[in-house]
Amino acid sequence: MKRILSGVQATGKLHIGNYLGAMKQWVKWQDKGECIFFIPDLHSLNIRPKPQHLKNETLNNVAWLLACGINPDKSIIYAQSHVSANSELCWILNNYVTMGELNRMTQFKEKSQKRGTTGQLVGLFDYPVLMAADILAYSANIIPVGEDQRQHVELTRDIAERFNNIYGKTFIVPEAAIGDIGSRVMNLADPENKMSKSDNNQNGNVLLFDKPETIKSKIARAVTDSGSTIEASDNKPAITNLLQIYAGFSDRNVKEIEKKYANKGYKEFKTNLADLVADKISELQKKFEKNRKNQEILKKILEKGAQKANIIASKKLVQVKERIGLI
Ligand code: ADP
Ligand code: TRP
């Protein structure tokens, strides 16, 4: 049986890129193996969130996972900080990765550049090693993520292979699973850049918390390319992005949608897309509101998840410690 594992950060502003690229994909994996979905709250510390905000967002994220269709009876849902094995393994793995490798991580380059001097934290630099520990401690085979996380999963593979070569087979070498549709949703106001929680240009991000009117107006204002045909191509990044979003929300393929709009204008296409996205997000929001009301149930889910996660990860940690000579 394959083990599937992934996480989404709890710093607020979940957007349709997180939904299409990650959470929606995860739901499908629930029938294909043993799933673990977690809230990487320790990763979120690198932006030094306000304590109350982090607490609130962690529970929000659990409620969103449930709203999107993650079933706590099928999947383990836990908070990273509730299982100390992840952090302990991170410290050990720090000795099997170089500064050069971490320096080459594009996410670190982008985020640290954007944040300037306040972004030069060791926690941000070391982030991919904690991510490797999150994966390797659970012997996960498949990591469903958006395109931006591919490089981190590649680094995890390198670390696992390096460790296995020295000490004998200890870790499963995982594989990234990146969906065909919605794995890189771009900012609607700036389609050369991906939609991101940390982006300054929030006007181009459609958030899961946005009201239907806001979603509709963001899509109406989305930049388009020159020309008027509704076709995906490399020189039409804006319309390609909108087609991908349409495909992701309608579960149809891009070719079908191009055909449907072959002789139609941008306006009709955008209006239909806006209705489609706003309706789906309203539906998710209703489920979210219902789940979020019962804070005790959400905490119970995390507690039960942490118990199960702890059993898996601490076993692996014992094996690793033995291998490297910690007594
Ligand atoms: P962000 O980049 O917005 O801070 P995270 O880093 O928390 O988001 O990513 C959580 C998950 O969502 C990851 O699997 C990531 O690959 C996916 N993801 C993030 N942004 C996008 C996007 N624009 N398109 C598709 N998937 C995305
Ligand atoms: N770094 C991931 C992100 O920001 C979140 C994450 C942390 C993760 N640890 C992970 C995803 C392990 C998959 C597996 O999107």
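Q: Helices (H or I, at least four residues) and strands (E, at least two) are DSSP runs, numbered from the N terminus; which of these elements gives the most to the shell around ligand 1?
A: Welcome to a predicted model, in which local features need pLDDT of at least 70 and side-chain atom pairs pLDDT 80 or more, while totals for chains, interfaces and linings use all residues. Residues are numbered from 1 along each chain as its sequence is written, chains are lettered from A and ligands numbered from 1 in the order written, and side-chain values use heavy atoms, without hydrogens and water. With four residues in the shell around ligand 1, the top contributor is α1.

Q: How many residues lie around ligand 1, and which come nearest?
A: A residue is near a molecule if one of its heavy atoms lies within 4 Å of it. The shell divides into five nonpolar, ten polar and four charged residues; Ala, Val, Leu, Ile, Met, Phe, Trp, Tyr, Cys and Pro count as nonpolar, Asp, Glu, Lys and Arg as charged, and the others, Gly among them, as polar. There are 19 residues around ligand 1, and those that come nearest are Gly-146, Asp-148, Val-185, Lys-194 and Lys-197.

Q: What share of the area of ligand 1 does the protein bury?
A: Let's start with its polar contacts, pairs of N or O atoms within 3.5 Å. An oxygen atom of ligand 1 is 2.7 Å from a polar backbone atom of Gly-146, and a nitrogen atom is 2.8 Å from one of Val-185. Lys-194 brings a polar side-chain atom to 2.7 Å from a nitrogen atom of the ligand. Taken alone, ligand 1 exposes 530 Å² (Shrake-Rupley method, 1.4 Å probe), and the share buried by the protein is 97%.

Q: Which element supplies the largest share of the shell around ligand 2?
A: Of the 14 residues around this ligand, Gln-9, Tyr-127, Met-131, Asp-134 and Gln-149 come nearest. By class, the shell has eight nonpolar, five polar and one charged residues. At least two residues each come from β1 and α7 (127-136). The largest share, four residues, belongs to α7.

Q: What share of the area of ligand 2 does the protein bury?
A: An N or O atom in the side chain of Tyr-127 is 2.6 Å from an oxygen atom of ligand 2. Polar side-chain atoms also lie by nitrogen atoms of this ligand, at 2.7 Å for Asp-134 and 3.2 Å for Gln-149. Ligand 2 taken alone exposes 360 Å², and the protein buries 92%.

Q: How many residues apart are Tyr-19 and Phe-249, which form an aromatic pair?
A: The structure holds 15 aromatic pairs, meaning rings of Phe, Tyr and Trp (its six-membered ring) with centres within 6.5 Å; planes under 30 degrees apart count as stacked, over 60 as edge-to-face and the rest as tilted. Tyr-19 and Phe-249 are tilted, at 5.7 Å centre to centre and 35 degrees between the planes. The pair joins helix α1 (residues 16-29) to helix α10 (residues 237-250), and its partners are separated in the chain by 230 residues.

Q: Is the pair of Phe-38 and Tyr-78 stacked or edge-to-face?
A: Phe-38 sits in strand β2 (residues 34-39) and Tyr-78 in strand β3 (residues 76-79). Phe-38 is buried (under 20% relative accessible area; exposed is over 50%, partly exposed in between; 1.4 Å probe, protein chains only) at 4%, and Tyr-78 is buried at 0%. Because the ring centres are 5.3 Å apart and the planes are at 20 degrees, the pair is stacked.

Terms used:
A polar contact is a pair of N or O atoms within 3.5 Å; within protein, one must be able to donate a hydrogen and the other to accept it, and residues adjacent in sequence count only if both atoms are side-chain atoms.
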